[in-house]
Amino acid sequence: MRVLDLGCGSGQLSLRIAPLVHEVLAVDLSEVMIELLEQNAARAGITNIEGRAIPIEHLRIPEATIDLVVSNYALHHLRDKDKTLAVKQVSGWLREGGHLVIGDMMFGRGGDARDREIITSKLSVMLKKGPGGWWRIAKNAGRYLFRFQERPISMRAWMTLFEEAGFIDVTATAVVSEAAVVRGTKPQR
Ligand SMILES: C[S@@+](CC[C@H](N)C(=O)[O-])C[C@H]1O[C@@H](n2cnc3c(N)ncnc32)[C@H](O)[C@@H]1O
């Protein structure tokens with residue numbers, strides 16, 4: 001398999017996947033992260049990871065050349081229109097029968113019961129921390145409500161992006177707190 005890891009960081013997914021597959025292309029906008037990934041790979045004796053420092057939004061991959069695309073806790077950084085575009089592009093990069101698996105913080109701004117549960121539990125943890133926690137509430141309210149840096153969307157919204165891009169067998173699994181995994185398969189014609 002040829003695997004693409006979007007927003008790979010220092011390689012938490014890539015380093016585990018590499019021993020199981022032919023090749024991993026690991027992409028991150030941060031050159032520092034790609035250097036760390038390469039150091040970690042070298043230390044582990046892994047030679048089949050290619051690190052590439054480039055924003056996902058600028059990434060170009062030949063059509064139908066990848067079997068599996070994974071991403072962990074990275075895509076919530078993208079603007080919503082770039083999330084839509086990324087899922088569409090991934091569908092082009094995948095071979096027929098290939099898979100897209102995204103793990104990320106997934107919640108909306110209070111539109112459903114899961115959102116409200118996540119927001120309430122985060123608020124209550126931070127409130128208990130006193131002034132330091134209150135400051136974090138103010139900071140995070142800015143980041144999430146005004147959507148700079150952190151732009152999570154709900155599990156349902158991710159599923160819709162997958163379905164609109166033509167993925168089939170789309171499933172979403174809540175993991176813990178705000179973490180969830182959405183996966184889908186590119187159909188065989
Ligand atoms: C929370 S870290 C997760 C890293 C890794 N996937 C993991 O599971 O530990 C998010 C990563 O996404 C990267 N990132 C954020 N926005 C990005 C973008 N537009 N293009 C590529 N990488 C991005 C960051 O540089 C960072 O390394």
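User: How much space lies in the largest cavity of this predicted model?

Analyst: The model is predicted, and its structure holds one cavity of 30 Å³ or more. The space in the largest cavity is about 30 Å³.

User: Which residues line the largest cavity, and how do they divide by class?

Analyst: The lining consists of Ile 56, Glu 57, Leu 78, Asp 82, Leu 85, Ala 86 and Gln 89. Asp and Glu count as charged, and Leu, Ile and Ala as nonpolar. By class, the lining of the largest cavity therefore has four nonpolar, one polar and two charged residues.

User: Where does the ligand sit?

Analyst: A molecule is assigned to a pocket if more than half of its atoms lie within 2 Å of the grid points of that pocket. By this criterion, the ligand sits in the second largest pocket.

User: What is the volume of the second largest pocket, and which residues lie nearest its centre?

Analyst: The second largest pocket has a volume of about 370 Å³. Its lining comprises 20 residues, divided into eleven nonpolar, six polar and three charged. Those nearest the centre of the pocket are Gly 7, Asp 28, Tyr 73, Ala 74 and His 77.

User: Which residues come nearest to the ligand?

Analyst: There are 17 residues around the ligand. This shell divides into nine nonpolar, six polar and two charged residues. Those that come nearest are Gly 7, Asp 28, Ile 56, Glu 57 and Asn 72.

User: How far is a nitrogen atom of the ligand from an N or O atom in the side chain of Glu 57, and what share of the ligand's accessible area does the protein cover?

Analyst: A polar side-chain atom of Gln 12 lies 3.2 Å from an oxygen atom of the ligand, and for the side chain of Asp 28 the distance from an N or O atom to a ligand oxygen atom is 2.6 Å. For Glu 57, a side-chain N or O atom is 2.9 Å from a nitrogen atom of the ligand. Of the 600 Å² of accessible area that the ligand has on its own, the protein covers 80%.

Note on methods
Residues numbered from 1 in each chain as written. Predicted model: local features only at pLDDT ≥ 70, side-chain atom pairs only at ≥ 80, totals over all residues. Heavy atoms only, no water. 1 Å grid on protein atoms, 1.4 Å probe; cavity = no way out; pocket = protein on both sides within 12 Å on 5 of 7 lines; lining within 4 Å. Points joined across faces, edges and corners; volume = space filled by probe spheres on them. Near = heavy atom within 4 Å. Polar contact = N/O pair within 3.5 Å; in protein donor to acceptor, adjacent residues only side chain to side chain. Areas by Shrake-Rupley, 256 points an atom, 1.4 Å probe, with all protein chains shown as cover.
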